[in-house]
Protein chains: 2
Amino acid sequence: MVKNGNPGTGGVTLQAVAEAAGVTIATASRSLNDAYGVHPETKARVQRIAEELHYKPNRFARGLVTGRSDMVGLIVSDIRNSYFAEVARGVEDAALESGRDVMLCNSDLNAERQMKSVNSLLDKRAEAIIMNSVASLSREDQQKIAAAGVPIVLLNRPGRDTTFSTVNADNDKGGRLAAECLLRNGHRKVINLTGPKKHANLSRRSTAFIKTMEAQRGARVNTIHTINTMQGGYEAAIEIFRNLNGETAIATGNDAMAFGVMRAAIEAGVRIPRDISLIGFDDVELSAMTFPPLTTVRQPKYEVGRAAVEIVQQLLSSGSKTPIHRVVDVELVERSSVAKLTK
Amino acid sequence: MVKNGNPGTGGVTLQAVAEAAGVTIATASRSLNDAYGVHPETKARVQRIAEELHYKPNRFARGLVTGRSDMVGLIVSDIRNSYFAEVARGVEDAALESGRDVMLCNSDLNAERQMKSVNSLLDKRAEAIIMNSVASLSREDQQKIAAAGVPIVLLNRPGRDTTFSTVNADNDKGGRLAAECLLRNGHRKVINLTGPKKHANLSRRSTAFIKTMEAQRGARVNTIHTINTMQGGYEAAIEIFRNLNGETAIATGNDAMAFGVMRAAIEAGVRIPRDISLIGFDDVELSAMTFPPLTTVRQPKYEVGRAAVEIVQQLLSSGSKTPIHRVVDVELVERSSVAKLTK
DNA sequence: CTGAAAGCGCTTACAG
DNA sequence: CTGAAAGCGCTTACAG
């Protein structure tokens, strides 16, 4: 038979601890797990001896009987995206507090790789999976995931999914905040540079932004759709600067697009915020370092990660299957890219 | 007794597959593991049935007997640091190729948290640990880690550790590349803005830089030490710009410091590269986006992650305990912050 | 409060 | 080529 001792721990098993303490492994196990009904003195002795022997429980053996792995899975499209790095940190910190480790997977938003990750995570008995999106998955795959029976929490999914839990930033409030900032600074005729219509998060930001602006008498917003990247923002801005017609500010759907606008502005000789004001959305790391620093709506990325783990905890401890939905707060970060209009 | 079936997989066990295939679990196991000595037809049948039943082996059970977890641990100071996000991606990709998942931990370079992570990873039977640094750990802790018997690979540790494997960028070559770039563009009197003397990586870059510069007749470098951050670079640069004495270029120990120099330049009205040239080291994401884009020496972060996993593979498959050391190549990335001097 | 024992679901010598 | 069986190291009802 295989005799592998207890690799990585010097081979000390519960058995060894029990012997040294003069009890059976049953009592030893109970002592170490702080269970009820073991004499305080016995418990203390066992614990001390376990310590001395550097006993480490074999998680495989424990998992085999308890079914618990003390691990959660996190699948993001790409950890190099600073948004997800922030989220991951929030996840890790919160998971650590509950004694769990996190297994990280990158999916590149590719359905096949994503499904592979899910399977691998399930294989390794992740107690829950926190994932970026499920959008690229077939209905069939989604059902398979749901059937796995472990809590799934989706990041950045607007609206309330009926089978999965979600956590999302408050896009409505964010859109409103951006509009109020512009209004407060005297802007009335503005451009809303947003992403493709099918992009649900950007659409909600846009809708809230427009609604808030237009609630103000005499305000007008010109909405432009483009690709939601720096490049998209750049190209749209070149066009915009050519056809400027009294607009005094641009609000973009995310910071990346705002950076594109900035680049186009430099090339076109348009000065921000002197000639035109600019407000973004996200507050990525770079936003504070551009010239001028970008006024934007901050998405609490780290908190999104934490919130996801909190949902997992709730679901796990209650045993409930009912998805939980959390909307995390956003806030305005005023830097220097929005000018106060003096009429 | 506990009856937890096979949670997360619909409860199908090897036993179930074996029964459906009309064999014993021994044969079923061998078929699924593609072992020798099982009739091709039997094997095919078992595999087909396992597929149909959506059989997923219970990793706990398997791990209990094999001792293998198919997971590696990665401990970085902070995943939000884009350097480590890149490394992590390299690790994940390479690990995936070998069928392993990665458990991610953040240590904040804090000895206690770091040790906790190591222990947790060992607990969960990580087959190897790739970690940022071990510098903050006591000798005792380091020995404990070494004693665990799993391969450990250290990131960014210069020189050859005798007990741990390492992977590091070629700092010597990087320093040389930076110097050659300046020399080629006609710079002879330059400033080397480096970090604290005890910072081994920065010191090596600096030493190689100086050596290469001074091998050129008539070249002279003025070395200045400061904190190796943007703020450090900023503060040092303010001082530098006040006392400029014919120097035509600044080479910094990393990009962060270069960004600090850029900021100071804007404030001091010094134009880069017109008034002074600037070359960094690292090539972080931001480096391509500054104004002007920064000429720098690229560290292959992603490759560092991959190399670490390759070392793990080698060590694991050979069973060798001898540390492996890898130096990954760097390259010059010429952008616009270095001007060609026309005498 | 403690022990004897079953059982978690696998893998792998050992026979045949 | 296949089976019967031991064993990996735990946890937890069941007795006492």
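## Burial at a charged pair

A residue is termed buried when its relative accessible area is under 20%, and exposed when that value is over 50%, with partly exposed in between. In this predicted model, both Arg89(B) and Asp78(A) are buried. The relative accessibility of Asp78(A) is 16%, and Asp78(A) therefore falls in the buried class.

## Salt bridges of Asp78(A)

Asp78(A) forms a salt bridge with Arg89(B), and the closest N and O atoms of the pair are 3.2 Å apart. This pair joins two chains, because Arg89(B) lies in helix H5 (residues 82–97) of chain B, whereas Asp78(A) lies in the loop between strand E1 (71–76) and helix H5 (82–97) of chain A.

The side chain of Asp78(A) also meets that of Arg80(A) in a salt bridge, with an N to O distance of 3.0 Å. Arg80(A) has a relative accessibility of 30% and so counts as partly exposed.

Over all chains, a search of the whole structure finds 51 salt bridges.

## A link within chain A

A further salt bridge is formed by the side chains of Glu334(A) and Arg184(A), at 3.4 Å from N to O. The two residues are 150 residues apart and link distant parts of the chain: Arg184(A) is in helix H8 (residues 171–184), and Glu334(A) is in the segment after strand E12 (331–333). With a relative accessibility of 46%, Arg184(A) is classed as partly exposed.

Methods: Residues numbered from 1 in each chain as written. Chains lettered and ligands numbered in written order. Predicted model: local features only at pLDDT ≥ 70, side-chain atom pairs only at ≥ 80, totals over all residues. Heavy atoms only, no water. Salt bridge = Lys/Arg side-chain N within 4 Å of Asp/Glu carboxyl O. Buried < 20%, exposed > 50% of the residue type's maximum accessible area, 1.4 Å probe, protein only. Helix = DSSP H or I, 4+ residues; strand = E, 2+ residues; numbered from the N terminus.
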